Amino acid sequence: MGDGTTNIGAWHESLNMAKLYQLPIIYFIVNNGYGMGLKVERGSAEPDLYKKGCAFRMHGERVEGRDILATRDAVRRLRQRAEEEGEPAILEAMSYRFRGHSVVDPARYRSEEEVRQGRADDPIQRYAHALSEAGLIDEDWIRQTTDRVEREVQEAIEFANNSDNPRIEDLFDFMYATPVANMPSKEDALEAARIAGMEV
Ligand SMILES: Cc1ncc(C[n+]2csc(CCOP(=O)(O)OP(=O)(O)O)c2C)c(N)n1
């Protein structure tokens, strides 16, 4: 989840239930410094987000999220605890948001210098560097992989642009693993669309 989620009441209720019922859950928070345009320190009375489970006696810790291996190790450890001891935990992965919250957010609430510094610590480049240092990959491999991924992404964008819009009656398909009580049926969705004046 994002850091913004940790200020919502439902999240705190979920922590309480997870601890009471000893559910094997890892709450993995990506703390990228901002919830929409709000700095974490301005939106959360406790900006050390991993501490937010203390009211429920839930273990929490922070990891450098830009360090892929450190993050993997922390998740492994907490996963083992969750599975073997039924101990839920919070893991806060520190990060930085390169762009605005969405395409309509020009991110004027932060300086260009801050963004420049944040971008300088790119986790993908950091890991590529670590792999190069270990002699596992070289410049050629990095270039070829970058080109291949770029091609794949462009193809996916073209596929999406050339596809028909989804149908309104398919709105709830593939959203939940199990049936949800009171979920609108396809007929309800169609009826709502008709009432809204859409052609269905
Ligand atoms: C239940 C709910 N409340 C409020 C919102 C409105 N909202 C959309 S994004 C957001 C903040 C998200 O913050 P974060 O997860 O840190 O995402 P980031 O800004 O880093 O993309 C809020 C409050 C929402 N989508 N859902």
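**Close-up views of a predicted model**

View 1. The side chain of Asn32 places an N or O atom 2.8 Å from an oxygen atom of the ligand. This is a predicted model, in which local features need pLDDT of at least 70 and side-chain atom pairs count only at pLDDT 80 or more, while totals for chains, interfaces and linings use all residues. Residues are numbered from 1 along each chain as its sequence is written, and side-chain values use heavy atoms, with hydrogens and water left out. The protein buries 49% of the 600 Å² that the ligand exposes when taken alone (accessible areas by the Shrake-Rupley method with a 1.4 Å probe; for residues, only the protein chains shown count as cover). A polar contact is a pair of N or O atoms within 3.5 Å; within protein, one must be able to donate a hydrogen and the other to accept it, and residues adjacent in sequence count only if both atoms are side-chain atoms.

View 2. Residues around the ligand. The shell consists of Gly2, Asp3, Gly4, Asn32, Tyr34, Gly35, Met36, Arg97 and His101, each with a heavy atom within 4 Å of the ligand. By class, two are nonpolar, five polar and two charged (Ala, Val, Leu, Ile, Met, Phe, Trp, Tyr, Cys and Pro count as nonpolar, Asp, Glu, Lys and Arg as charged, and the others, Gly among them, as polar).

View 3. An open sheet of three strands is ordered E1-E5-E4, with parallel pairing. Strands E1 (26-31) and E4 (59-64) are the edges, each pairing on one side only. From one strand to the next the twist averages 20° (axes are lines fitted to C-alpha atoms, and angles run from 0 to 180 degrees between N-to-C directions). Six bridges join E4 to the parallel strand E5 (residues 89-94); Val63 has Ala93 of E5 as its bridge partner. Two strands pair if DSSP finds at least two bridges between them.

View 4. Asp122 caps the N-terminal end of helix H5 (residues 123-133). A side-chain oxygen of Asp122 lies 2.8 Å from the backbone nitrogen of Ile124. After H5 comes Gly135, with a positive phi near 75°. Helices (H or I, at least four residues) and strands (E, at least two) are DSSP runs, numbered from the N terminus.
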